Amino acid sequence: MDKEKTARIRRLNDRFRRSGIGGDIFITPGIKELGDEGMKAVAAKVAGFDQFDHDNDPHGEHDFGAFDHGGQRIFWKIDYYALDMTSGSEDPSDLDITKRVLTIMLASEY
């Protein structure tokens, strides 16, 4: 993928992760079990995540992260779908054909 498209995907992912604009957010049962305050704290950590490196972001898209919260390992992942949600997006840099989905889960639920 060219650098310009990768940079656009990264910007779109960061905007979505920080604001919720541009897709749907799903949380797993394990995250729900953290209660309202726990879910708010985890959501804030996802939004503020900036520990990207080659190991967790090899393509430079800012589409995955992991951190510890309350003694548990938390994962988050952004996936790209076609607008009908039946297949992957052909071009995640194009908002007109892409729906983003952010899933937040306990690492043990992966």
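Is Lys 32 buried or exposed in the model? Lys 32 is exposed, with a relative accessible area of 52%, where exposed denotes over 50% relative accessible area, buried under 20% and partly exposed the range in between (1.4 Å probe, protein chains only). The model is a predicted one, in which local features need pLDDT of at least 70 and side-chain atom pairs count only at pLDDT 80 or more, whereas totals for chains, interfaces and linings use all residues. Residues are numbered from 1 along each chain as its sequence is written, and side-chain values use heavy atoms, with hydrogens and water left out.

The protein chain contains 3 helices and 4 strands, arranged along the sequence as α-β-α-α-β-β-β. Its radius of gyration is 14 Å, close to the 13 Å that the globule rule gives for 110 residues, so the protein chain is as compact as a globular protein of that length. The radius is taken over C-alpha atoms, and the rule is 2.2 Å times the number of residues to the power 0.38. Helices (H or I, at least four residues) and strands (E, at least two) are DSSP runs, numbered from the N terminus. The C-alpha trace spans about 40 × 30 × 25 Å along its principal axes. Of the 110 residues, 40% are buried. Contacts (heavy atoms within 4.5 Å) between residues at least 6 apart in sequence join residues at least 24 apart in 57% of cases.

Lys 32 belongs to helix H2 (residues 29-32). Apart from residues up to four places away in sequence, Lys 32 touches Ile 27 and Met 39. The C-alpha atoms of Lys 32 and Met 105 are 9.2 Å apart, although the two residues are separated by 73 residues in sequence. Thr 103, in strand S4 (residues 99-106), is buried at a relative accessible area of 19%. Leaving aside neighbours within four places in sequence, Thr 103 is in contact with Phe 26, Thr 28, Phe 75, Trp 76 and Lys 77.

The structure holds 5 aromatic pairs. Rings of Phe, Tyr and Trp (its six-membered ring) pair if their centres lie within 6.5 Å; planes under 30 degrees apart count as stacked, over 60 as edge-to-face and the rest as tilted. The ring centres of Phe 52 and Trp 76 are 6.2 Å apart with the planes at 85°, so this pair is edge-to-face. Phe 52 lies in the loop between helix H3 (35-48) and strand S2 (64-69) and Trp 76 in strand S3 (residues 72-81), so the pair ties together parts that are 24 residues apart in sequence. Both Phe 52 and Trp 76 are buried. Phe 75 and Tyr 110 form another edge-to-face pair, at 6.0 Å centre to centre and 75° between the planes. Because Phe 75 lies in strand S3 and Tyr 110 in the segment after S4, this pair ties together parts that are 35 residues apart in sequence. Tyr 110 is exposed, at 75% relative accessibility. Ring pairs also link Phe 49, Phe 52 and Trp 76 into a cluster.

Backbone geometry was examined at two loop positions. Most residues other than glycine have a negative phi. His 62, in the loop between H3 and S2, has a positive phi near 55° and is buried at 15% relative accessibility. Met 85, in the loop between S3 and S4, has a positive phi near 65° and is partly exposed at 35% relative accessibility.
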